[in-house]
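Here is a short briefing on a structure with paired chains. Look it over first, then read the notes by topic.

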Amino acid sequence: MGSGRRWAVDFTDNSTTPSSRDIPDPPGFTRASQDQDDSTTSRQKKDAEANWKAQKAWEVAQAPFKNLLMMGFMMWMAGSTVHLFSIGITFSALWQPISALQGVGKVFEPYKDSKVDLLGPKLLFIALNLGGLALGVWKLNTLGLLPTHASDWVSSLPPAQEVEYSGGGIPLH
Amino acid sequence: MATRVFLLILLLLSCATSIFSLYEDQVGLMDWHQQYIGKVKHAVFHTQKTGRKRVLVSTEENVIASLDLRHGEIFWRHVLGTNDAIDGIDIALGKYVITLSSDGSILRAWNLPDGQMVWESFLLGPKHSKSSLMVLKTLKVDKDNVIIVSGKGCVHGVSSIDGEVLWTKDLAAESVEVQQVIPLHDSDKIYVVGFAGLTQFHAYEINAMNGELLKHETADFSDGFVGELALVSSETLVALDTTRSILVTVSFRNGKINFHQTYISSLVKDSTGIAMILPSTLTGMFTLKINTLKLIIRVTGEDQLELVEKFDHATVVSDVLSIAEDKEAFAVVQHGGNKIHLQVKLSDDWNSDLVKESIEMDQQGGLVHKVFINNYIRTDRSHGFRALIVMEDHSLLLLQQGKIVWNREDALASIIDVTTSELPVDKAVSVAKGEHNLIDWLKGHILKLKGTLMLASPEDVVAIQAIRLKSSEKSKLTRDHNGFRKLLIVLTKAGKIFALHSGDGRVVWSLLLPSLRKSKVCDCPTGLNLYQWQVPHHHAMDQNPSVLVVGKCGYSSNAPAVLSFVDTYTGKELNSLDLGHSVAQIIPLALTDSTEQRLHLLVDADRRVHLYPRTPEARTIFQQEFSNIYWYSVEADNSIIKGHVIKRTCIGEVADDFCFESGDLWSIVFPLESEKIIGTVSRKSNEVVHTQAKVTSDQDVMYKYISKNLLFVATVSPKASVGIGSADPEEASLFAYLIDTVTGRILHRMTHHGAQGPVHAVFSENWVVYHYFNLRAHRYEMSVIEIYDQSRAENKDVWKLVVGKHNLTAPVSSYSRPEVVTKSQSYFFTHSVKAIAVTLTAKGITSKQLLIGTISDQVLALDKRFVDPRRTVNPSQAEKEEGIIPLTDFLPIIPQSYVTHALKVEGLRNIVTVPAKLESTTLVFAYGMDLFFTRLAPSRTYDSLTEDFSYALLLITIVALVAAIFVTWILSERKELQDKWR
């Protein structure tokens, strides 16, 4: 698990000098045979780890999809009128993808490996989050909170000034 | 944290149910109500009984009232109709107040203690004549006082118990005009004297019990009488001949009528000028007025006249008051500098004074106009006197023992015009009284908290209410942050200006305008209007704001105008101008000079336009805008509306740089035989409109046609202009017009068949609401017209709007032929209406309410959403969300939406709204006989916490939360430590 570990016991003792240890090797244990296939096992292990990392990265990349479904359901539940609940949901739906997109690098850092191609998962992750964002924006629009109508731009236009001025009325008595 | 608290508060506020009415304990917090009676015409004291001492008064505003003699408060009051003028008032049987009104045709009795009407009699007669009322108190038959009424050419005897007419003598049939009814002491007979034509004198002796004619004498006087009589004794009268130079003493003793003539010149040396006999009841004496002199003349012997005293015109003599069996007293009031001198004399002894007092008048109330006296027995059995005096400024004062006991400012019953002024910003003046130390503040808030948490005992509730009502905050004399405190400047019929504090309605200052007082130059000056003359808010901050008072001298259309400028902080007259020209219209322009003085145009009767202020700077500013300034005149009698343009400076004898000739530009002539103008209304010049667009539920935009130059004109068929019932539905129609006053273009015309006036209307933003009577449905109706600009509707491209490539805010000219569409709708309305106004707010964002002054003298607030032409019977969901109310044929009257709650503004004439600085709030001032002021928030106070918001509760909550945070933090630390040790 790479850097995520806090402590470790390494059972693969690679030391070749038995004298370094005060404990004698157990009977039946031959240090030489282990030394022999040391390089192959480490390669295998590294491959396994890379595989596992790639697999995990894809899993992480797909995680927002569940979120997306969840959000969709919540939005459907919230309805299309503006109130505290629907606004909260919409804003969280907008905020989550944005914060996720900001932390794309961080999310995939554990799976960084020279052998693992993270571009695919990253693209999927970004795409799914963008989808989430789009969903949020769409929701915002259904709530009528996006300035897409002419009315949104003219609703606070002050009345035009008048060139002429006229006054008068019924004469005073 | 802060945002959460804010959100929480927002949530709480949004959850609050919508309340437009008041709770019982909110009455008097932001509203005040004052009652007035008007200038007193006649007063009768009622002090004999041991109960509450009172004085009964009738006034020129057609009010009868019973006032507390100790404090001047109103016990009860009745306002009669505007054409039901009171001719006489008296007390009968010691428990009824008798009033005669409507030229001697309606006699009413009111219960003295509570003012309930006891009976009412209609006295009919063939023709108009002088009317008088007399209660024969000395004469009692079966515990009944007979009331003798003369009026409409007849003399009536009326029973005071039930108002039954006992007898009627029609003297008009003998072409005798009744001048005086004279009671005879200790008998049941009365004399009725009158003239037939100019020369014939008639005297009737009538039995007051049954109206039996006992004697009838006539005599001819060849020189003729002018019709003024003064009663000197029960058998002697004094009259003037037609030349007004000879006094004629008429005595009709023992059935013989004798005339005796005395030249006025033989009594007074300087007797040029018109002589008049003033109505008085002095025994053995009468008052004669020549020019500015008042003469007291005594009749000695049978017909000898003798001059007793000469007074100047400002002296007033009271009626005679009988104080003992054979003693009668009267009062004389004279002016001397700042003091008035009151003398009470016995009528048979001129030289001795029963009372001689000098009273310092603390403020200039002008001259004394009337005096009424009353006596009381002092502890040492001597006679004391109290005097009720009516001043030139319509105020009413009670004087007793050389002091003013109370003073009523009754000029406020006759307000002509109202404007407002800001209070000074000065912090140095704002010394709060009361609630100023911390403990008081805390105590107050803890009490309030108790109230909020429903822990308060009944005593606490009373204390809370008292704190709220006498809050010194609202009556400070400085400007407040929310703009609730203002000065209401009112001009009254008396020519007196008052500044009322909007917080509690007290008079801050008052000024009897010298230019609106009767003088040698001007005999009957009248105040016309008030305008804001100078309102410094950016420039000239060192100057006080001032108002312009426009008046004129006399009632004719070409009477010269009078201008007066009054400082609104100090209440001093800064300047006054007697103008050489008349005034027909005053047009405040939208222009101000460098000292923020507003430019005004005064149009005279000859259609010349005069510019004020008369400074070169004002002239330069005016000439820059000159070509764009127009004016219009409405000639209601001829049914013509004319538009004028200002052409050039005046030429001829009135040549002057500030005078301009105007030319006719357009005219709209309504056919006189089918249309008569009965009402016009335009937008308030100080109204602020927030936006030109109206967004509908489907995100569509409608552009309002907003123009200050629109005029709403209502015309009716001439037959329907008189009154309801005068025309059939077939021949009555009402026409509503919207006219552009620059070009004279009729933008909209609408016909209501079978409808007639009176029309009351209000114009705001792009809509007009008007009220009229529907003859077919026999109901009142209200209609609304909304006007939209179709030529702007193409502005739909979002991108153009985003980058600002549109011409929506470019200045528009009325000459650029607008394409308008109108929407209108009509509704039935239950009440008839006296006035309609609309709420105005500082930025025009808040939704509007119509304020309707109902016939019952109350003010009703009606949401503008109820008069929205887009209402339909079944609005869609989106429309409902927008706030469109399903259409009903009646406008609802919700009892809780009466702004005046339980009060009445008697004789309601007008409703004035002024925006406060706080956008949600508008100040409403309704006036008539009474004054009423309140604060309204048509969309509730969305931009401030309510006054009874418990800050203490909020503080305590915050403190408790902080404490809780600390406690839990400490606890969690401790637990963590324990966990670590485990």
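Predicted model: local features only at pLDDT ≥ 70, side-chain atom pairs only at ≥ 80, totals over all residues.

Residues are numbered from 1 along each chain as its sequence is written, chains are lettered from A and ligands numbered from 1 in the order in which they are written, and side-chain values use heavy atoms, with hydrogens and water left out. Chain A and chain B bury about 3,400 Å² between them, and the count of salt bridges between the two is 0.

**Interface of chain A and chain B**

- The contact involves 29 residues of chain A and 52 residues of chain B. Contact means heavy atoms within 4.5 Å.
- Of the buried area, 61% is on carbon and sulfur atoms. Buried area is the accessible area (1.4 Å probe) that two parts lose on being put together, summed over both.
- Glu164(A), Tyr165(A) and Leu172(A) supply 22% of the area that chain A buries against chain B, more than any other three residues.
- The rule finds 22 residue pairs in polar contact across the interface, both residues at pLDDT 80 or more. A polar contact is a pair of N or O atoms within 3.5 Å; within protein, one must be able to donate a hydrogen and the other to accept it, and residues adjacent in sequence count only if both atoms are side-chain atoms.
- Helix H6 (150-154) and strand E1 (165-169) of chain A each supply at least two residues of the side that touches chain B. Helices (H or I, at least four residues) and strands (E, at least two) are DSSP runs, numbered from the N terminus.
- That side of chain A divides into 14 nonpolar, 12 polar and 3 charged residues. Ala, Val, Leu, Ile, Met, Phe, Trp, Tyr, Cys and Pro count as nonpolar, Asp, Glu, Lys and Arg as charged, and the others, Gly among them, as polar.
- E1(A) runs parallel to strand E46 (residues 629-635) of chain B, joined by 5 bridges. Gly168(A) stands opposite Tyr632(B) in E46(B).

**Sheets in chain B**

- One open sheet has 4 strands in the order E2-E3-E4-E5, with antiparallel pairing. Two strands pair if DSSP finds at least two bridges between them.
- Strand E2 (40-46) and strand E5 (74-79) are its edge strands, and each pairs on one side only.
- The twist in this sheet averages 15 degrees from one strand to the next. Axes are lines fitted to C-alpha atoms, for helices over the stretch in contact, and angles run from 0 to 180 degrees between N-to-C directions.
- E2(B) and strand E3 (residues 54-59) of chain B share 6 bridges. His46(B) has Arg54(B) in E3(B) as its bridge partner.
- Another open sheet of 4 strands has the order E18-E19-E20-E21, again with antiparallel pairing. Strand E18 (225-233) and strand E21 (258-263) each have a single partner strand, so one side of each is left without a neighbour in the sheet.
- E18(B) and strand E19 (residues 236-241) of chain B are antiparallel over 5 bridges. Ala230(B) is partnered by Val238(B) in E19(B).

**Salt bridges**

- The whole structure holds 31 salt bridges over all chains. A salt bridge is a side-chain nitrogen of Lys or Arg within 4 Å of a carboxyl oxygen of Asp or Glu.
- Lys493(B) forms a salt bridge with Glu61(B), with the closest N and O atoms 3.7 Å apart.
- Lys493(B) lies in the loop between strand E36 (486-492) and strand E37 (496-501), and Glu61(B) in the loop between E3 and strand E4 (63-68), so the pair ties together parts that are 432 residues apart in sequence.

**Backbone spots to check**

- Most residues other than glycine have a negative phi, and most peptide bonds are trans.
- The peptide bond from Tyr612(B) to Pro613(B) is cis, with omega near 0 degrees. Pro613(B) sits in the loop between strand E45 (608-612) and helix H4 (616-625) of chain B.
- Gly757(B) and Pro758(B) are also joined by a cis peptide bond. Pro758(B) is in strand E55 (residues 755-764) of chain B.
- Ser639(B) is not a glycine, yet has a positive phi of about 55 degrees. Ser639(B) lies in the loop between E46 and strand E47 (640-649) of chain B.
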